[in-house]
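This report goes through selected contacts of one protein chain. It begins with charged pairs and then turns to a loop and the nonpolar cores.

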Amino acid sequence: IQIIENTASIGIPVYDDSFMNLHYSEGKAYTIIGGSDRESFTVRKTKSQRNMILEFDNPPNFEEKKTYELKVRAFDGMLSDEQKIVIRILDDNDPPAFSDPRVEIPMSVAENFTGDLLELDASDEDGDEISFSLHSGANKKDFKIENGVLRLTKAANYEKTKYLRVTVKASSRGIPFDLDAL
């Protein structure tokens with residue numbers, strides 16, 4: 001079985017009645033009985049109550065672990081069967097993350113100030129190169145990003161506005177992450 005990393009909620013069919021050739025009854029029990037990764041999973045009924053699915057307790061991360069193995073047993077009170085399951089995690093492009101992901105970063109600047117405000121710091125779990133861009137904000141035109149530094153390019157004027165707002169976006173191979181800077 002193969003799945004893409006960071007899948008928040010997955011459902012891997014464990015058994016169904018036709019596979020096991022067992023009759024469905026309330027007494028049928030599915031349990032994880034072995035495997036080096038058994039603590040990473042839960043078995044639960046589907047909404048239809050006809051099948052059982054295997055789910056990760058926490059979404060898998062390709063950069064941390066690429067393969068999971070476990071063994072599942074189905075038992076209906078009389079018959080049982082076991083199945084080894086190997087799950088391979090496929091890499092996906094992880095979005096970059098800002099070191100300080102606060103939505104607002106308050107800062108004070110002197111009247112008529114122009115210059116560097118904030119060194120933008122983000123990382124990418126895949127190791128991809130990160131680029132920054134001005135995304136939105138009422139004062140977007142008053143800012144510029146050069147070499148990873150957010151700069152105020154229009155002199156601050158407190159008589160016209162008390163607050164300047166801009167949203168900065170970090171991207172790697174096209175996956176963005178937003179940070180509002182104040």
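## Lysine 65 and aspartate 37

In this predicted model, lysine 65 and aspartate 37 form a salt bridge, with 3.1 Å between the closest N and O atoms. The pair links distant parts of the chain, 28 residues apart. Lysine 65 sits in the loop between strand 5 and strand 6, and aspartate 37 in the loop between strand 3 and strand 4.

Lysine 65, at 30%, counts as partly exposed.

## The salt-bridge network

The count of salt bridges comes to eight. Which residues are linked in a network of salt bridges? They are Asp116, Lys144, Glu146 and Arg151.

Glutamate 146 takes part in two of the pairs described here. With lysine 144, glutamate 146 has its closest N and O atoms 3.0 Å apart; with arginine 151, the corresponding separation is 3.5 Å. Lysine 144 is partly exposed, with a relative accessible area of 40%. Glutamate 146 is partly exposed at 33% relative accessibility, and arginine 151 is partly exposed at 26%.

## Aspartate 124 and aspartate 126

Aspartate 124 lies in the loop between strand 10 (122-123) and strand 11 (131-136), and aspartate 126 is also placed in the loop between strand 10 and strand 11. Is aspartate 124 buried or exposed? Its relative accessible area is 11%, so aspartate 124 is buried.

A polar atom of the aspartate 124 side chain lies 2.8 Å from the backbone nitrogen of aspartate 126. Apart from its neighbours within four places in sequence, aspartate 124 is in contact with Asn93, Asp94, Pro95, Pro96, Ile130 and Ser172. Under the exclusion of residues up to four places away, aspartate 126 touches Glu5, Glu63, Asp91, Asp92, Asn93 and Asp94. Aspartate 126 and asparagine 93 are 33 residues apart in sequence, and their C-alpha atoms are 6.9 Å apart in space.

## Nonpolar cores

The largest nonpolar core has 14 residues. Those with the most contacts inside this core are Ile32, Phe41, Leu54, Phe56, Leu70 and Ile87. At least two core residues are supplied by each of strand 3 (29-34), strand 4 (41-45), strand 5 (52-56), strand 6 (67-75) and strand 7 (80-90). Strand 6 gives the largest share, four residues.

Not counting residues up to four places away in sequence, isoleucine 32 touches Arg38, Phe41, Thr42, Val43, Leu54, Leu70, Lys71 and Val72. Among these partners, Phe41, Leu54 and Leu70 are also listed with the most contacts inside the core. A second, separate core has 12 residues, including Leu150, Leu152, Val166 and Val168.

Key:
Residues are numbered from 1 along each chain as its sequence is written. This is a predicted model: local features need pLDDT of at least 70, side-chain atom pairs count only at pLDDT 80 or more; totals for chains, interfaces and linings use all residues. Side-chain values use heavy atoms; hydrogens and water are left out. A nonpolar core is a set of buried Ala, Val, Leu, Ile, Met, Phe, Trp, Tyr and Cys residues joined through side-chain atoms within 4.5 Å. Buried means under 20% relative accessible area, exposed over 50%, partly exposed in between (1.4 Å probe, protein chains only). Contact means heavy atoms within 4.5 Å. A polar contact is a pair of N or O atoms within 3.5 Å; within protein, one must be able to donate a hydrogen and the other to accept it, and residues adjacent in sequence count only if both atoms are side-chain atoms. A salt bridge is a side-chain nitrogen of Lys or Arg within 4 Å of a carboxyl oxygen of Asp or Glu.
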